[in-house]
Amino acid sequence: MALNKTLGSMLIIAGTTIGAGMLALPLASAGLGFTTALIAMFGMWALMTYTALLMIEIHQHADTDATLNTLAQQLLGRKGQILANFAMMFLLYSLCAAYIAGGGGQLSEKLSDWLNISIPPQLGALLFTILIAAVVSVGTHTVDMVNRILFTAKIVALAVMLGLLVPHVEGQHLVEMPVQKGLILSALPVVFTSFGFHGSIPSIVRYVGIDVKTLKKVMILGSALPLFIYLLWQLASQGVISQPELMTSTTLGSFIASLSDLLHNPMVSKSVSIFADLALATSFLGVSLGLFDFMSDSLKRSSDVSGRVQTGMITFLPPLAFAIFYPQGFIMALGYAAIALVILAIFLPVAMVRSQRKKHKSENIMPSYMVRGGNLALLIVTLAGVLIISAQTMQMVGFIPAVG
């Protein structure tokens, strides 16, 4: 049973991380070249995995069902709790609204084709939300089971996609160098957000329990799987299309069309479409699970049927409403996702760990698990967060080119 939960937790993290946005990674890193893109991805994976381990260090001294709301209040006080709540809700509600808008549109198109009638995107968004909300509201075990099925199907679609592309990889495309130095800075926020899974960590801790050894394995291997898949995807996409051609593909649609035309194979676009649908569903499951547990803890809802229904409505109705009536508001908010994720996944874990270590030192308590690196590592991690926020801000004001 423990092994079963461990595997399921790894797949929840991997499923949350590997979203439809993965398909845009080649566009975001087109001007970097394969080697530089590889280094950037490995660096962002190491950064996010390290801060996930910091969260384990924090969770080991808290209740099993503690969320970021509780942890921030205990370690950073009221102001820290407000900042944590704002960052968590801003990021997860924005992501949920975007997933509902995208998934609802895709579902309405599929149903329209299958049933041969016109189904509006708003109805597709409602149906998509009801399906995911039903799974999440039942509990993490149900999310685990459904996620395993979807993740397996997603890997099959990915394998087909890579199988079609890899035989056409050309070595000279993989040795191309960055076109401009500024593009490296531009790509960092996009690559950084593609490794975001921290909103799901409290739900994983609640599911697995305070077992540091198991949780370390879950965080490291669960985040390493997306890294491996991203590298294969970059190899396949950047190896098939030359850097100048890749840089002329300004949208995901034109990029996929270029791949299909180049290989003269419509199966490429079909496998990409299936992968995108499944990636969106697994990401929505993971993100909404984290938001559901966070809202349940913040609002002190009970775990009985009535309490879970109330939490489900609070979790899913606001993003559904925005996705239907004002989609541009939340889609626009996604432009700030990297900043909210830096607060959530870097600044808060570092601040909470520093507070907890300082408290233990004053009380002469020796924690059973402490992440290696000391204050120097925490400083480096903080500076990396400042760099990512700076890059995102410079893109917004036009100092460096926007990518992805």
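Leaving aside neighbours within four places in sequence, which residues is Thr 16 in contact with? In this predicted model, the list runs to Gly 196, Phe 197, Ser 200, Thr 282, Ser 283, Gly 286 and Val 287. Thr 16 itself is found in helix 1, which covers residues 2-17. With a relative accessible area of 6%, Thr 16 falls under the 20% cut-off, so it counts as buried.

Thr 129 lies in helix 5, made up of residues 121-138. Its relative accessibility comes out at 4%, and because of that Thr 129 is also put down as buried. Once residues up to four places away in sequence are set aside, Thr 129 touches Ile 100, Phe 316 and Leu 320. Then there is Leu 317: Thr 129 and Leu 317 sit 188 residues apart along the sequence, yet their C-alpha atoms are 8.8 Å apart in space.

Together with Tyr 99, Phe 128 and Phe 284, Phe 316 forms one aromatic cluster. Searching the whole structure gives six aromatic pairs. One of these brings together Phe 195 and Tyr 230, with 5.2 Å from centre to centre and 70 degrees between the planes, an edge-to-face arrangement. This pair ties together distant parts of the chain, 35 residues apart: Phe 195 belongs to the loop between helix 8 (181-193) and helix 9, while Tyr 230 is part of helix 10. As for accessibility, Phe 195 and Tyr 230 are both buried.

That leaves the two helices just mentioned. Two packed helices are described by the angle between their axes and the distance between the axes. For helix 9 (residues 201-208) and helix 10 (residues 212-240), the angle is about 140 degrees and the axes are 11 Å apart. An angle over 145 would count as roughly antiparallel, so helix 9 and helix 10 are oblique to each other instead. Their crossing is right-handed. On the helix 9 side, the contact is made by Ile 201, Ile 204, Val 205 and Val 208, and helix 10 brings in Thr 214, Leu 215, Val 218 and Met 219. Sorted by class, the residues in this contact are seven nonpolar and one polar, with no charged ones.

Notes: Residues are numbered from 1 along each chain as its sequence is written. This is a predicted model: local features need pLDDT of at least 70, side-chain atom pairs count only at pLDDT 80 or more; totals for chains, interfaces and linings use all residues. Side-chain values use heavy atoms; hydrogens and water are left out. Helices (H or I, at least four residues) and strands (E, at least two) are DSSP runs, numbered from the N terminus. Buried means under 20% relative accessible area, exposed over 50%, partly exposed in between (1.4 Å probe, protein chains only). Contact means heavy atoms within 4.5 Å. Axes are lines fitted to C-alpha atoms, for helices over the stretch in contact, and angles run from 0 to 180 degrees between N-to-C directions. Angles under 35 degrees count as roughly parallel, over 145 as roughly antiparallel, 65 to 115 as roughly perpendicular and the rest as oblique. A crossing is left-handed if the near helix is turned anticlockwise from the far one by less than a right angle, and right-handed if clockwise. Ala, Val, Leu, Ile, Met, Phe, Trp, Tyr, Cys and Pro count as nonpolar, Asp, Glu, Lys and Arg as charged, and the others, Gly among them, as polar. Rings of Phe, Tyr and Trp (its six-membered ring) pair if their centres lie within 6.5 Å; planes under 30 degrees apart count as stacked, over 60 as edge-to-face and the rest as tilted.
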